[in-house]
Amino acid sequence: MFTVSIDITEAMKGFSKFAKQDDINHAMDEIMIICKKTSMPPRDVLKQIKFAAKKNNIDADYKMASQILDQLEQEHDRYLRKSEVIENAVADIKVGLDEISKSGNSAWIRNFIKAIKLDLKEIEDVL
């Protein structure tokens, strides 16, 4: 088994400093440095910081880690909603294309083309 020692002391000091200043942008920069050094995802790093901060009664670090985690969750939820809108629009487009291929009626084809354009616009708006 290999044992690896990674020194993240400076990055943690920086995180704590920025947490005390309530500077979320620079605190996130320090988190990214820690993530790169440890090859851990930001969520895991932040959860460990929260655990250690709570254990050692370091309120500023705990609050900052919680705040950043909340932002990550909100961003994740936003991407899930966008993904759902895109998936639904693509499904609608497939139905429209299937109906166009089956129909010989030009009025129906025009209506399905309009619907497909609206679905494409919906995708564009999400992006």
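Mentor: Let us begin with a term: a nonpolar core is a set of buried Ala, Val, Leu, Ile, Met, Phe, Trp, Tyr and Cys residues joined through side-chain atoms within 4.5 Å, where buried means under 20% relative accessible area, exposed means over 50%, and partly exposed lies in between (1.4 Å probe, protein chains only). This is a predicted model, in which local features need pLDDT of at least 70 and side-chain atom pairs count only at pLDDT 80 or more, while totals for chains, interfaces and linings use all residues. Residues are numbered from 1 along each chain as its sequence is written, and side-chain values use heavy atoms, with hydrogens and water left out.

Trainee: Which residues of the largest nonpolar core touch the most other members?

Mentor: In soluble globular proteins, nonpolar side chains tend to be buried together. Here the largest nonpolar core has 16 residues, and those that touch the most other members are Phe15, Ile31, Met64 and Ile68. Two or more residues of this core come from each of helix H1 (9-20), H2, H3 and helix H4 (59-102), with H2 giving the most, five residues; helices here are DSSP runs (H or I, at least four residues), numbered from the N terminus. Ile68, if residues up to four places away in sequence are not counted, touches Phe15, Ile24, Ala27, Met28, Ile31 and Leu46, contact meaning heavy atoms within 4.5 Å. There is also a second, separate core of six residues, which includes Ile93, Ile100, Ile116 and Ile123.

Trainee: How should I read a pocket, and what volume does the largest pocket have?

Mentor: Rolling a probe the size of a water molecule over the atoms shows where empty space is left. On a 1 Å grid over the protein atoms alone, with a 1.4 Å probe, a pocket is an open set of points with protein on both sides within 12 Å along at least five of seven lines, and lining residues have an atom within 4 Å of a point. The largest pocket has a volume of about 170 Å³, a volume being the space filled by probe spheres set on the points, which are joined across faces, edges and corners. Its lining has 13 residues, of which Ile8, Met12, Gln48, Ile49 and Ala52 are the closest to the centre. Helix H2 (24-38) and helix H3 (42-55) each supply at least two lining residues, and H3 gives the most, with five.

Trainee: Is Ser16 buried or exposed, and with which side chain does Ser16 make a polar contact?

Mentor: Ser16, found in helix H1, counts as buried because its relative accessibility is 17%. The side chain of Ser16 makes a polar contact with the side chain of Asp61 (2.7 Å), a polar contact being a pair of N or O atoms within 3.5 Å, of which, within protein, one must be able to donate a hydrogen and the other to accept it, and residues adjacent in sequence count only if both atoms are side-chain atoms.

Trainee: Where does Asp22 lie, and where does Ser39 lie?

Mentor: Asp22 is in the loop between H1 and H2, and Ser39 is in the loop between H2 and H3. Asp22 has a positive phi of about 55° although it is not a glycine, and Ser39 likewise has a positive phi of about 55° without being a glycine. Asp22 is exposed, with a relative accessible area of 53%, and Ser39 is exposed at 65%.
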